[in-house]
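Hi,

Here is the structure I promised to pass on. Have a look first, and then read my notes below.

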Amino acid sequence: MSFFSRLFRRGQSITPAQALACISNRPMLMQAGALDALIATAQAMPDRGAYREDGDMAPHGSKPEHLVSVENGIGVPSIEGRLFARFGIESWWCGGSAYDVIGAAFDMLLADAGVTQIVMLIDSPGGTVTGCFELADKIYAARGTKPVTAVASDSAYSAAYAIASAADRIVIPRSGGLGSIGVRCQHVDISRALDRIGYTVTTIVSGSKKADFDSSAPLSESARSEMQDEVNRLADIFVETVARNRGLDAGAVRGLQAGCLFGPSAIAAGLGDAIGTLESVGAVM
């Protein structure tokens, strides 16, 4: 049995269909271009095959110690790539991070008596909804325990910004980006592609909503409305979380219209606190 089979209890590879199923029809806290690129990659990807690294049966990023470095009393957890609830087939395929592992790394640094401050190094376009707000709440609840700084190098968008906003302060380089405080969901309709290759899909369901988001058919108006309601609900949670964390008016956060702001503009909007880098806050990787 391959490593991939042992780890995920699946086949030896991830197929384009499996990859696409991981990300479509799910509300995402992800910057728009990054989600578009992820979906396009999933549609066109070759069979990646099984992951294996001789002598190390744990993929990088699957354990909290993989994300952490400590020097001169400063603990640095690295939060990179697309973000998922748990480390597994999705984060392995994307080379991203997982909220459960990030949370465990944060707890590790909080419990380490030799760590006097935490600097979260973030470079991420965002990720899934599940687990994001819980991680942001965990970091927010730890305020006052140890100083926590988020450094966006190069960017902290959407879910990554939700996490960054929970820190005591946020530092970004002059070219760095913050924001994208919104929710995005995409339905991928492959029915025309199926027509072109001569496939006809017949779906038998119990319950009128069972096939609402089936990728083999166009999205119905009722399904679109339901999806929009859920996106709006999650957007309200996102806005309220950022407003609480940053001491901003919720209306002002909503008024940003999920835009991405850079350098001084992000600071002027209240999304960041200072221009700087990892080195400028005293942390060296």
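Let me begin with R246, which is buried at a relative accessible area of 15% (buried means under 20%, exposed over 50% and partly exposed in between, using a 1.4 Å probe and protein chains only). Its side chain meets that of D273 in a salt bridge, 2.9 Å from N to O. By salt bridge I mean a side-chain nitrogen of Lys or Arg within 4 Å of a carboxyl oxygen of Asp or Glu. R246 belongs to helix α10, while D273 sits in the loop between α12 (263-268) and β12 (274-275), so the pair ties together parts that are 27 residues apart in sequence. D273 is partly exposed, at 38% relative accessibility. Helices (H or I, at least four residues) and strands (E, at least two) are DSSP runs, numbered from the N terminus.

Before going further, the ground rules. This is a predicted model, where local features need pLDDT of at least 70 and side-chain atom pairs count only at pLDDT 80 or more, though totals for chains, interfaces and linings use all residues. Residues are numbered from 1 along each chain as its sequence is written, and side-chain values use heavy atoms, with hydrogens and water left out.

Back to the salt bridges: the whole structure has 7 of them. Another one joins D236 and R254, with the closest N and O atoms 3.3 Å apart. That pair links distant parts of the chain, since D236 is in helix α10 and R254 in helix α11 (residues 250-255), 18 residues apart. D236 is partly exposed at 34%, and R254 is partly exposed at 39%.

There is also one within α10 (residues 221-246): E230 and R233 are 3 residues apart there, about one turn of the helix. Their side chains meet at 2.8 Å, N to O. E230 has a relative accessible area of 28% and R233 one of 44%.

What about helix α7 (residues 132-141): which residues are buried? They are C132, F133, L135, A136 and I139.

Finally, confidence. The mean pLDDT (the predictor's confidence in each residue, from 0 to 100) is 84 for the protein chain, and 80% of its residues reach 70 or more. Residues 1-12 stay under 50, and residues 46-56 are below 50 too. Where pLDDT is low, the predicted coordinates should not be read in detail.

Cheers

Terms used. Contact = heavy atoms within 4.5 Å.
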